[in-house]
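Please read the numbered points alongside the coordinates.

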Amino acid sequence: MEIQPAADVLQEFLSECEAKLMRFAPQNISNMLWACATLGVSPGRKFLAAVTAISLQQLHDFTPQAIKDTLWAMATIGYTPAKPFLQGASDLCLRLISQFNPQNIANAIWAFAKFGFNPGREVLSAMATQAMQRLPQFNSQNMSNTLWAFASLNHHPGPMLLKVLQRELVHKLPHFTSQGIENVLWAFATLGHHPGEETLMAAAQHIGSILRQFNQQNLALALWAFAKLGWRPHTSLLSDACRHALLTLDTINPQNLSNILWALATMEFIPPPMLLEAAANRAEQMLPDFTPQAMANLMWAFAAMSHNPGSALLNGVTDDVVRQANNYSAQHIAVTCWAFGKLEITPRPTLMQAVAGHLTQRIGQYSPHSLSNVLWAFATQETHPGTAALDAAALLVCKTLQDFDAPALSNCLWAFAQLRHHPGDALLTAAALHSCCCIDAFTPQAISMTMIAYATFDHHDVDLIQAVSTKVLQMPSAFDPQAIANTLWALALLEDLSPPVWNCLLVTFVKTAGGCMAPKQMCQIFQALLMLQLKPSSLPLFVQPPSFLQMCQQAFVKDMEASQGDAHQHDVAHVLGSMGLTHSVNHITNDGFFCADILITGYRVLIQVDGPHHWTCNTGQPIGPSKCRDKLLHARGWSVLSVPYFLWMQCQGELTLQQAFLHQLLLGYVDTRTEKCERCDKVDSTGRSTNNSNASTDDEACATPFLSL
């Protein structure tokens with residue numbers, strides 16, 4: 001029975017102790033400190049420093065019980081003694097370890113962990129050996145404290161001890177408190193030791209029986225441990241845990257809140273909307289108290305559960321990242337950006353500017369996974385981070401290419417393509433070689449994203465094409481409709497789509513897509529077919545069902561008709577008129593598949609006024625889709641001339657400069673020395689061709705036989 005003495009009596013006792021401290025023996029010291037710790041009273045740092053100095057002089061006389069009690073008391077009071085004492089105490093523990101009982105072992109190692117002092121591998125290994133011998137005598141608290149300490153000190157005590165401990169755990173589970181079971185699970189997860197299905201099921205059942213006793217930290221770390229171990233408890237326990245968390249959510253701290261949500265998201269358990277909304281509100285209230293790690297985990301969890309936490313919290317997160325970007329690691333930045341992209345929320349420009357600056361200045365800190373997430377976010381948000389940031393990213397990918405797995409590499413390449421930033425032929429060549437070496441690790445999505453990049457930059461790599469084609473033919477059924485459409489489109493743009501690849505992927509597309517065919521996917525497939533028709537082949541191209549090709553064609557035509565010219569197109573048309581050249585705008589070809597910006601009347605000459613999305617941002621090269629368009633028009637007998645927007649802007653609106661530019665562009669195509677094409681289309685007032693005989697000739701020139709399965 002503990003009796004709490006009056007404050008004045010306690011103070012008188014401590015004063016008396018301080019006066020006679022020099023006469024205290026080790027047992028007196030340990031008893032006095034144990035009493036203070038048990039009563040929850042700290043005698044003050046000055047007094048404790050004096051006790052530490054006296055104890056250091058007498059360490060050789062301390063018994064296992066005395067050193068255990070002294071270390072435990074100081075740790076419980078919250079006082080960390082000087083390093084000489086801790087080193088001397090660890091040496092003493094090593095010398096006396098054979099005499100340590102379970103309580104001595106557990107309390108001593110627990111105290112070292114609380115001090116944040118690692119006594120060294122020799123001492124910890126000796127404690128693990130002694131614990132192994134005495135483990136059947138350990139009670140639940142001894143087991144909990146010992147395992148927690150090993151994990152906190154980042155020392156793996158060996159698989160044998162952990163296996164025996166997990167067996168003892170199952171037998172003694174009814175005696176574990178909420179703190180005890182949480183410590184054990186946290187330690188297993190931190191040490192990377194999976195205790196097995198039986199142990200985890202028993203632990204989960206015990207948690208369910210004492211859930212009311214769990215405080216916020218117990219609950220947060222227990223759920224975190226389950227998630228970290230890759231094990232999901234029964235749905236009923238997770239539902240009960242959510243209800244329990246909701247009861248005290250108004251007092252939860254940032255770390256526990258982020259751990260709970262991260263764990264639930266990792267275990268793919270979506271909590272009730274009420275909990276998510278309350279969590280978002282609570283997080284908004286505590287924003288200044290979040291660490292970057294807790295903030296990143298919170299955002300990741302909301303995104304993984306597809307829950308928009310609301311503009312108030314998102315704006316707060318943005319402000320926090322902008323304000324203290326230097327305190328965010330590369331991983332924190334990457335996860336936060338990924339979350340905005342996953343939630344399809346356009347972040348404020350200030351956030352993306354801060355991220356771009358972070359990426360440029362601290363590029364060396366980005367892992368392949370973090371870099372791919374950041375680039376993916378920029379590409380998804382259609383926000384260009386600037387040439388400097390992307391050049392730094394491309395250089396990092398090139399230097400550390402061997403560290404990139406298939407998802408990270410494909411994400412980076414795809415992002416470069418979406419942002420129209422050419423990463424350099426050297427990187428594309430090296431990435432192709434790396435991809436060929438690990439092609440078996442590429443998922444259909446990774447393959448399609450990678451090929452989109454190579455098609456966008458019109459970079460041909462024979463070995464990569466061969467590896468991808470072989471992979472496709474081996475596992476066509478693994479491709480979903482989006483991956484099929486992307487892969488067919490990319491291979492076609494590279495003029496490397498073979499009929500066998502087309503046939504097997506198209507059959508898979510029709511089977512898997514059913515009636516849910518996205519217009520974009522059908523457009524890609526039809527454009528791939530148009531490119532495939534340019535290459536004569538003795539192999540028939542299969543289309544199933546017969547109406548499928550017609551559906552793709554209609555989607556392609558509809559997309560074409562929706563495209564409209566920009567201001568530059570009208571400027572060019574106006575200048576052509578000032579030069580006395582008759583023309584029409586938005587000219588649709590005979591087959592109805594293409595809408596050219598400008599047709600020069602009387603000639604088979606088309607002018608395409610190509611805006612920014614037709615060029616790479618850093619090198620000014622035409623991208624693959626634009627080249628594909630021109631190839632298809634050229635195959636139909638047209639001469640295609642391009643007016644790059646950046647060259648047109650250099651004319652600065654000066655009519656004479658604009659006329660000179662167009663004169664030079666048309667030289668050799670439209671002048672008195674150029675013989676008009678006898679098959680030239682006639683156009684009506686809308687710009688649509690009326691010479692249908694020419695259309696059939698053009699179409700037949702590109703025809704390839706079709707068979708229906």
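1. The largest cavity is lined by Ala131, Leu135, Phe138, Asn142, Met143, Thr146, Leu147, Phe150, Pro157, Leu161, Leu162 and Leu165. A cavity is a set of points, on a 1 Å grid over the protein atoms alone, where a 1.4 Å probe fits but cannot get out; lining residues have an atom within 4 Å of a point. Two or more of these residues come from each of helix H8 (140–152) and helix H9 (159–172), with H8 giving the largest share, five residues. Helices are DSSP runs (H or I, at least four residues), numbered from the N terminus.

2. The model is predicted: local features need pLDDT of at least 70 and side-chain atom pairs pLDDT 80 or more, whereas totals for chains, interfaces and linings use all residues. Residues are numbered from 1 along each chain as its sequence is written, and side-chain values use heavy atoms, without hydrogens and water.

3. The largest cavity holds about 60 Å³, the volume being the space filled by probe spheres set on the points. Six cavities of 30 Å³ or more are found in the whole structure.

4. The lining of the largest cavity comprises 10 nonpolar, two polar and no charged residues. Nonpolar here means Ala, Val, Leu, Ile, Met, Phe, Trp, Tyr, Cys and Pro; charged means Asp, Glu, Lys and Arg; the others, Gly among them, are polar.

5. H8 also meets helix H10 (residues 178–191): their axes (lines fitted to C-alpha atoms over the stretch in contact, with angles from 0 to 180 degrees between N-to-C directions) come within 8 Å and cross at roughly 35 degrees. The residues of this contact divide into nine nonpolar, six polar and no charged; contact means heavy atoms within 4.5 Å.

Technical notes
1 Å grid on protein atoms, 1.4 Å probe; cavity = no way out; pocket = protein on both sides within 12 Å on 5 of 7 lines; lining within 4 Å.
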